[in-house]
Amino acid sequence: MPKPCPNSTVSSHFGLNRGINVFDEIFSESSALAPSSGYLIVEANGGLNQQRSAICNAVAVAGLLNAVLVIPRFEFHAIWKDSSNFGDIYDEDHFISSLEGYVKIVRDVPDEIMTRFSYNVSSIPTIRVQAWATVNYYNGEVYPVLKEHGVIRITPFANRLAMSVPPYIQLLRCIANYKALKFSSPISTLAEKLVDRMVEKSSATGGKYVSVHLRFEEDMVAFSCCLYEGGRAEKSEMDVIRQKSWKGKFKRRDRVIRPDLNRVNGKCPLTPLEVGMMLRGMGFDNNTSIYLASGRIYQPEKHLAPLQEMFPRLYTKESLATPEELAPFQGYSSRMAALDYTVSLLSEVFVTTQGGNFPHFLMGHRRFLFGGHAKTVIPDKPKLVLLLQDMEMRWEVFKKEMKLMLGESDRKGVMVPRVRKINRKTSIYTYPLPECECIFHLSSNFSNTGNILSLGALHPSSNLISSARL
C-alpha cells in the first residue's frame, strides 16, 4: 500500500503534517505578487505519448520560470505523419481551466509581443535546451533570456526537464498528466463507444478483457534491425524503409547491426505468434477477449493469423468501429493511438510487449486510476526468446515457465520505487503513487470528478486472470 501522505517527501519538504495546504499558498502568492516573466513557446515532437511528456514538462517549466505557457505546438514528423494540432487531440478549454491558479495558459502570443518580431515565430529567441536539464540550468541559463525578451521558444522539447525536481514542480506534472490532459470530444466519444463494445463482446468473461500493445508494425520492425522469416526479400525491404525514414542513420560507420544479438537481448518486437504462445502459456484460454492496440501489423495476412487462431475473440479499433466512425481519424497516427490508449486504459489486464512511451504512460495512468491495483504483464523477453528457441521443450514445461514469468511480472508490478530516487526509469509518469496521489489530496484546487475518473467507472477493475486460466 502507498505510504500515507504525511510521510511522503512532499509533506516532509513543506512541513504539511500541520494540515496547512502550502501548495495552494505557494501558487496563490506567486500569481498574486509576481508578474509573469514572459511567454514560453515549446514545440513537442514524437508520437502521442512523447508529446504528452513534452506537454507535462512544459507546464512544469512554465511554473518554474513563472512564465505564461502558450498552447504547445506539435512538430510534423516523417515517421508518425500526423499533422494534428493540440486541439485535435486534447480539449484546449479543459486544459486551460484545469491549470488555472497554477500556470496561466494562452492560445497565442499577444499582438504587442508578436509585432516586435514581425509576426514571425522563428524570429523569437530560440533556445536549445540540453536533455534532462536541471532546475538550476533553467534558472541560470533560460530565465535571464526570458526576462530580457519577454518571450522565448524552446525546440525541440522532448525530455528537456530532469525527472528529479522540487515537489511543487512535480505537482504541476501530476496535474497536467492526470487532470488537465483530456482527449478531445471526437476522440473521447468514439473511445467510449469502443470500450462499451469491447465490454459487450466480453460477456463470457463478465465484461472483462485483456489489452495487448503489439509493436509489430512495419516501421518498428525496420527500426529494430531484427530479422524474421522473410529472408533476403525482407532484409531488402527493411533496408529501403530504414533509408527512407531515417536517412543514413543505420549506415554510419560506427553503427554495428547485429540482429541475432538484438534478439537474444530481448530488443526485437515480439511477433503475434510469440505473443499468443506466451499468453496461452500463462493461462489465458481461447475464451479470453483481447483488444489489440497497434498500428498496421507488418504483413498481417501472414503474421496475425496464428494469434487469431489462438484467440478467436481478438478485436481492434478497426473491427470494433465502423469505417464511417474511423474515417475522421484515418491518416492521423496520434488520434488513432489515443483510441488505443483509452481502450487499453480501461482493460482488466494490460500486456506490454515492447518498451516505449505508450506502455510507460499507460502503466502509470492505470496505477493512478485504480489506486495501484491495475494488472500489467511485462514479459522477460530475453528469457522468453531462449524458451521459444528450444525446439525440444514440451508444452507442459513451457507453461510452467510462463506461469513463473507471470508471477515475477506480478511481483515487480506491485513494487513502488523510493520517491527520493526519482529518475528516468522511475518517473511519476510510470510510478505516480504515492507522490501524485498525495499531492492531489493536499491541493484543494483538484477535483476527483475529472473526466478520466468518471470514464473509469464504466469499467470497474477486478481479476480476469483466474477466469482465463485453463
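This is a predicted model: local features need pLDDT of at least 70, side-chain atom pairs count only at pLDDT 80 or more; totals for chains, interfaces and linings use all residues.
Trainee: What makes cysteine 174 and cysteine 436 a disulfide?

Mentor: The cut-off is sulfur atoms within 2.5 Å. Here the S to S distance is 2.0 Å, so the pair passes and is called a disulfide. Cysteine 174 sits in helix 8 (residues 167-180) and cysteine 436 in helix 22 (residues 435-442), so the bond ties together parts 262 residues apart in sequence.

Trainee: Why is the disulfide of cysteine 174 and cysteine 436 called left-handed?

Mentor: Because the torsion about its S-S bond is about -75°.

Trainee: How do you know that cysteine 226 and cysteine 268 are bonded?

Mentor: Check the cut-off again: within 2.5 Å. Their sulfur atoms are 2.0 Å apart, so they qualify as a disulfide. This link is left-handed too, with -95° about the S-S bond. Cysteine 226 is in the loop between helix 10 (218-224) and helix 11 (231-246), while cysteine 268 is in the loop between helix 12 (259-264) and helix 13 (272-282).

Trainee: Why is cysteine 225 called buried?

Mentor: Buried means under 20% relative accessible area. Cysteine 225 has 5%, so it counts as buried. Cysteine 56, at 0%, is buried as well.

How values were computed:
Residues are numbered from 1 along each chain as its sequence is written. Side-chain values use heavy atoms; hydrogens and water are left out. Helices (H or I, at least four residues) and strands (E, at least two) are DSSP runs, numbered from the N terminus. Buried means under 20% relative accessible area, exposed over 50%, partly exposed in between (1.4 Å probe, protein chains only).
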